[in-house]
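Subject: A structure for you to explore

Hello,

Here is the structure I promised to pass on to you. Please open it beside this email and follow along as you read.

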Amino acid sequence: MSFTIQNKSWNEVLKAEFEEPYFKDLEVFVADERQKKTIYPPENQVFAAFECIDFSKIKVVILGQDPYHGEFQANGLAFSVRQGVKFPPSLKNIFKELETDLGIKNIHNGDLSSWAKQGVLLLNATLTVEASKAGSHQKKGWETFTDKVIERVATEREHIVFVLWGSYAQKKGKMIDKDKHFVIETAHPSPLSVYRGFYGSKPFSKINTYLVSQNQKPIDWQI
């Protein structure tokens, strides 16, 4: 099995990466895991974050860590779940802050693809995970790949909003030029850290204020 991104703009940007030895090894590893175990997200959704939006249309990058590892949760977009699935704690807290920030409430669908289609790259550092085993596909090559994605966006695009929630995302985003882009850094929305600066951080209004200042259309955060 070989990974493929259907979106031509991303294939052009990342084609050299797909030929790297580490990526070939990663393909073999994930294919072997799928033969023996339940792996999330489904094979056809691994690159969902890239399929939703062209490279040239990205406005915002929200960086996550691992896909959700519960049944029917992961859909290839960071922090997002498949429609009809109960909200995981971090997503629930994101929606609480969305209501506090912009007054958007009564959200009953955790599928964030409507954000993605407007230019929000919901990128996990690791794109696959074994069922019920958080972090099980870390340090297998995904982090190298997603570092390259961040690097390409940060160097080839201008005036992107990078949203780095928590220390892990902040370390991963260290190569981002803050003079060239707008970087939002706060605590992670997980229950363990949400009261350490995530609540009250107003990321959604800050994103839109910046986009408007750059003569770009703001994101409609209503789901």
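**Pocket, cavity and rings**

The lining of the largest pocket is made up of 10 nonpolar residues, 11 polar ones and one charged one. Before we go further, please keep in mind that this is a predicted model.

Let's stay with that pocket for a moment. Its volume is about 430 Å³. In total, 22 residues line the largest pocket, and those nearest its centre are Asp66, Pro67, Tyr68, Ser90 and His188.

How many cavities of 30 Å³ or more does the structure hold? There is one. The largest cavity has a volume of about 40 Å³, and its lining consists of Pro41, Val46, Pro67, Gly76, Asn124 and Leu127. Sorted by class, four of these lining residues are nonpolar and two are polar, while none is charged.

Why is the pair of tryptophan 10 and phenylalanine 50 called edge-to-face? Their ring centres are 4.8 Å apart and their planes meet at 80°, so the pair gets that label; planes over 60 degrees apart count as edge-to-face. Tryptophan 10 belongs to helix H1 (residues 8–18) and phenylalanine 50 to helix H3 (residues 48–51), so this pair ties together parts that are 40 residues apart in sequence.

Are these two residues buried or exposed? Tryptophan 10 has 0% relative accessibility and counts as buried. Phenylalanine 50 is buried too, because its relative accessible area is 1%, and buried means under 20%.

A second pair to find is phenylalanine 47 with phenylalanine 145, also edge-to-face, with 6.1 Å from centre to centre and 70° between the planes. This pair links distant parts of the chain, 98 residues apart: phenylalanine 47 sits in the loop between strand E1 (39–40) and H3, and phenylalanine 145 in helix H6 (residues 142–156). Both phenylalanine 47 and phenylalanine 145 are buried.

Happy exploring, and write back with any questions!

Best wishes

How values were computed: Residues numbered from 1 in each chain as written. Predicted model: local features only at pLDDT ≥ 70, side-chain atom pairs only at ≥ 80, totals over all residues. Heavy atoms only, no water. 1 Å grid on protein atoms, 1.4 Å probe; cavity = no way out; pocket = protein on both sides within 12 Å on 5 of 7 lines; lining within 4 Å. Points joined across faces, edges and corners; volume = space filled by probe spheres on them. Nonpolar A, V, L, I, M, F, W, Y, C, P; charged D, E, K, R; others polar. Phe/Tyr/Trp six-rings, centres within 6.5 Å; stacked < 30°, edge-to-face > 60°. Helix = DSSP H or I, 4+ residues; strand = E, 2+ residues; numbered from the N terminus. Buried < 20%, exposed > 50% of the residue type's maximum accessible area, 1.4 Å probe, protein only.
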